[in-house]
Amino acid sequence: MSEKVLMKGNEAFAEAAIRGGCRFYFGYPITPQSEIPEFMSRELPKRGGTFLQAESELGAINMAYGAGAAGGSVFISSSSPGIALMQEGMSFLCSAEVPLVALNVSRGGPGIGGIQPGQADYNQVTRGGGNGDYKIPVLAPASIQEAVDMLYEAAELARKWQNPIMVFADGIMGQMMEPVILPEQKPFTDASDIRAERPWAITGYGDDDTTKNVVKSLRMQPDDLERHVEYLFEKYDRAEKELVRVETQDIEDADIVLVAFGTVARIAREAIEILAERGIKAGLIRPITLWPFPYDAFDGIGDRTKVVISAELSMGQLMQDVKLGVGKRLPVKLINRTGGMIPTSLELADRAEKIYKEVK
Amino acid sequence: MATPVFEYTKGMHRVDTNFCPGCTHGIAHRLITETLDEMGMLGNAIGVAPIGCSVQAHKFMNVDMCEAAHGRAPAVASGIRRVHPDKLVYTYQGDGDLASIGTAEIVHAAARGEKFTTFFINNCIYGMTGGQMAPTTLIGQKSTTSQDGRTKEQAGNPIRVSELLSTLDGAVYVERVALNTPANIRKAKAAVRRAFEIQRQGLGFTFIEFLSTCPTNWGVTPPDAMKWLTDNMLPYYPLGVYKQPEKQDGEVAK
Amino acid sequence: MSTTKLFFAGSGGQGIILMGQMVTYAAMYEDYETMYYPSYGPEMRGGTANCTVIVSDKPVSSPLIYDADCVVAMNLPSLLKFESMVKPGGVLLINSSIIDRKATREDIRVLEVPTMEIAKEIGNPRGANMVMLGAAIRATGVVSQEKIEKVMREKAFTGKKAPTIPLNIVAFESFKI
């Protein structure tokens with residue numbers, strides 16, 4: 001096993017993506033993830049990869065599409081408004097079934113918003129911010145080690161599902177440092193081996209033009225497009241079953257159940273300890289995948305529970321999914337901060353206690 | 001048996017194109033793919049065609065190809081070229097695409113000296129979307145969004161893309177050709193060959209602007225379209241080499 | 001120990017980030033769970049800087065703290081803003097070289113550390129932050145001096161800075177509690 005190293009989130013994310021086999025990175029500076037393009041510009045060329053600073057996030061996502069369509073293993077990163085600009089490409093890549101590893105180190109919005117951490121991209125990343133019917137699996141880590149493991153795995157997942165995979169971290173995780181164990185470097189694929197490994201890629205068909213490839217998203221005939229979308233959704237239906245991940249803690253016999261992901265889930269864990277000192281037993285559901293969302297986990301909530309609370313850095317975006325999971329069985333309440341404000345564990349515990357006393 | 005004087009090129013699939021009568025897209029397609037065939041590079045080329053009439057190129061060109069979103073082909077080709085530095089890469093873009101929504105992508109690709117070739121179809125109008133004003137639409141020219149003719153006051157003057165890109169150091173070969181006469185078409189083919197050769201030498205970004213027709217959206221007959229191009233486009237968009245490698249050697253020297 | 005939460009605050013250039021990261025590295029070398037989280041003002045230079053370090057024997061939960069076991073205030077604004085963050089029984093270290101105000105609380109332990117005078121006295125005028133770091137580490141016992149010295153050798157003072165290590169160790173040891 002490798003040695004523990006202390007790394008800043010953003011640099012650990014970048015390192016993990018490289019070690020997972022991502023050889024190509026296209027990026028554009030935006031706070032709070034600019035350490036990633038900086039790291040990539042320094043590290044990737046040394047290791048046989050390619051870094052290219054794009055003219056915009058639109059440029060970056062389309063470079064990523066080109067490199068991915070050509071069979072390269074590609075990583076991109078940005079933060080909320082930059083991810084918004086990339087949505088044209090995300091929709092395109094999903095339709096064209098081009099793999100991509102994407103990372104959103106998110107900040108507050110709307111508009112340019114601020115540069116402090118936020119989760120208000122929840123709808124943007126889980127509902128697809130672009131046009132048309134498509135899905136992008138979204139992994140939401142709560143520690144740097146978990147983010148590293150996800151980014152390491154993501155290139156393989158993207159290839160398996162022929163789709164972008166998004167890792168959704170908040171700005172706190174980008175800036176914090178934690179000890180991590182870095183996995184072994186997976187080998188990069190040589191250009192000459194791409195065709196064998198990814199027979200759909202546009203590489204130049206060589207001598208046999210019967211193997212010509214086209215990567216595309218335009219389908220002018222409505223019946224053709226309908227068939228294509230239905231085909232994509234058969235794939236997404238499978239992904240929904242296979243990819244869903246969740247962590248639960250004491251939900252079988254809790255007075256209240258908190259639902260939170262990312263950094264907020266960590267704050268919630270501490271809030272649960274504070275609540276326990278006050279005689280309130282709180283459980284936690286931490287969605288690890290935001291799409292597919294772990295709706296089934298809510299069936300595990302026991303009869304003792306009086307209320308389910310969505311704790312989030314947005315105005316109830318996560319709560320919509322929580323309500324879908326809970327149904328009409330229990331009231332669902334919201335504890336949130338937004339704009340870059342983050343609740344302490346004490347604030348979270350106080351507000352949860354107040355809600356509990358109101359519904360009890 | 002008679003000796004054939006003209007044959008299909010291996011570079012084009014044996015299907016009918018669905019371009020309008022009198023449209024010069026077909027000529028441009030043929031010049032590009034015939035050249036690749038002659039260079040023995042059909043199987044070592046990768047093309048990008050963004051949305052617009054151009055987007056159908058993959059149905060006709062016998063080359064590995066991908067579509068691109070409107071305007072983004074130069075970014076897409078930049079990505080492809082990073083993965084396959086040994087292949088010939090090209091984009092095939094119309095004027096609405098390249099000169100309007102895709103200006104950032106084309107300017108920066110040229111500035112970076114990206115080692116791919118862009119073929120720019122300039123017919124002074126948006127084709128596929130139905131004849132709207134393009135950045136290249138001439139003053140006085142009628143379109144569905146300049147129904148009394150384009151005015152400088154309302155829309156500014158048309159953009160001359162070859163001149164614009166030739167100011168960038170990364171663009172090493174920029175030539176404007178026209179597809180209006182057999183002589184000009186022969187010159188256009190030589191330009192295509194030269195662009196691919198320069199790309200192969202890794203000298204930088206190469207750019208060929210084809211002055212082309214759109215009889216349907218111009219509202220003229222195919223023969224009149226050729227005359228319209230000659231009378232109206234040539235004076236505003238002068239043909240010629242705007243940029244070429246300073247030191248010419250081997251195949252490149254003509 | 002279960003969990004120790006430290007908070008370092010001051011202005012850019014006072015070594016706030018360095019102090020925080022050194023404790024975090026040392027905690028990792030001790031095989032504790034640890035986390036470091038910085039917060040900067042919008043300025044590239046000369047702005048405010050602070051960082052949180054959590055050291056624990058279980059996985060670190062919230063990265064944000066409201067109840068520090070130890071607050072290090074390197075300048076006056078930091079003292080005014082973060083004195084209240086020290087939890088009862090915790091320790092507040094004041095850089096008394098430039099802070100001419102006293103702590104107001106009586107339910108905490110307060111150490112006034114004349115970092116710059118001490119640093120000058122021992123012939124390491126740039127070592128004020130190491131003086132303070134030593135004080136904070138000994139006041140909390142969060143990590144050992146041995147591991148701090150390892151951090152100095154392997155992370156903080158490498159290459160051209162390596163010759164400064166002996167003087168920095170002297171600085172680290174100089175404030176006696």
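Modeller: Leaving out residues up to four places away in sequence, C:Ala103 touches C:Glu83, C:Leu92, C:Ile94 and C:Val110. Touching, or being in contact, has a cut-off: the C-beta atoms of the two residues, placed from the backbone, lie within 7 Å. This is a predicted model; local features need pLDDT of at least 70, side-chain atom pairs count only at pLDDT 80 or more, and totals for chains, interfaces and linings use all residues. Residues are numbered from 1 along each chain as its sequence is written, while chains are lettered from A and ligands numbered from 1 in the order in which they are written.

Where does C:Ala103 lie? It sits in the loop between β5 (86-95) and β6 (109-113) of chain C. Helices (H or I, at least four residues) and strands (E, at least two) are DSSP runs, numbered from the N terminus.

Is C:Ala103 buried, partly exposed or exposed? Buried needs 20 or more other C-beta atoms within 10 Å of the residue's own, exposed means 12 or fewer, and partly exposed is in between, with C-beta atoms placed from the backbone. C:Ala103 has 19 other C-beta atoms within 10 Å, so it is partly exposed. Compare its place with that of C:Ala156.

Now take chain C as a whole. Its mean pLDDT is 94, and 95% of its residues reach 70 or more. pLDDT is the predictor's confidence in each residue, from 0 to 100. Where it is low, the predicted coordinates should not be read in detail. The model scores ipTM 0.96 and pTM 0.95.

Next, the contact between chains C and A. Here 14 residues of chain C meet 17 residues of chain A. On the chain C side, α1 (16-29) and β2 (33-40) each supply at least two residues. The largest share, five residues, comes from β2(C). By class, this side of chain C has nine nonpolar and five polar residues, and no charged ones. Nonpolar covers Ala, Val, Leu, Ile, Met, Phe, Trp, Tyr, Cys and Pro; charged covers Asp, Glu, Lys and Arg; the others, Gly among them, count as polar.

What of chains B and C? They do not touch, and their nearest C-alpha atoms are 29 Å apart.

Chain A does touch chain B. Of the two pairs of chains in contact, A and B share the most contacts. Chain B brings 29 residues and chain A brings 37 residues. On the chain B side, β1 (45-50), β2 (64-68), α3 (73-83) and α5 (103-111) each supply at least two residues. α3(B) gives the most, with eight residues. By class, this side of chain B has 15 nonpolar, eight polar and six charged residues.

Strands also pair across these two chains. Two strands pair if DSSP finds at least two bridges between them. Strand β9 (residues 214-215) of chain A pairs with β2(B) in the parallel sense, over two bridges. There, A:Val215 stands opposite B:Cys66.

Now go into chain A. It has 13 helices and 15 strands. Its radius of gyration, taken over C-alpha atoms, is 21 Å, close to the 21 Å from the globule rule (2.2 Å times the number of residues to the power 0.38) for 360 residues, so chain A is as compact as a globular protein of that length. Of these 360 residues, 57% count as buried.

One sheet in chain A is open and has seven strands, in the order β3-β2-β4-β5-β7-β6-β13, with mixed pairing. Its edge strands, β3 (50-53) and β13 (289-291), each pair on one side only. β6(A) and β13(A) run antiparallel, joined by two bridges. A:Leu139 has A:Thr289 in β13(A) as its bridge partner.

Last, the domains of chain A. Their bounds come from an automatic or database domain assignment. It gives domain 1 (4-195) and domain 2 (246-359). Their C-alpha centres lie 28 Å apart. In their contact, 24 residues of domain 1 meet 21 residues of domain 2. α6(A) gives the most to the domain 1 side, with four residues. By class, that side has 14 nonpolar, seven polar and three charged residues.
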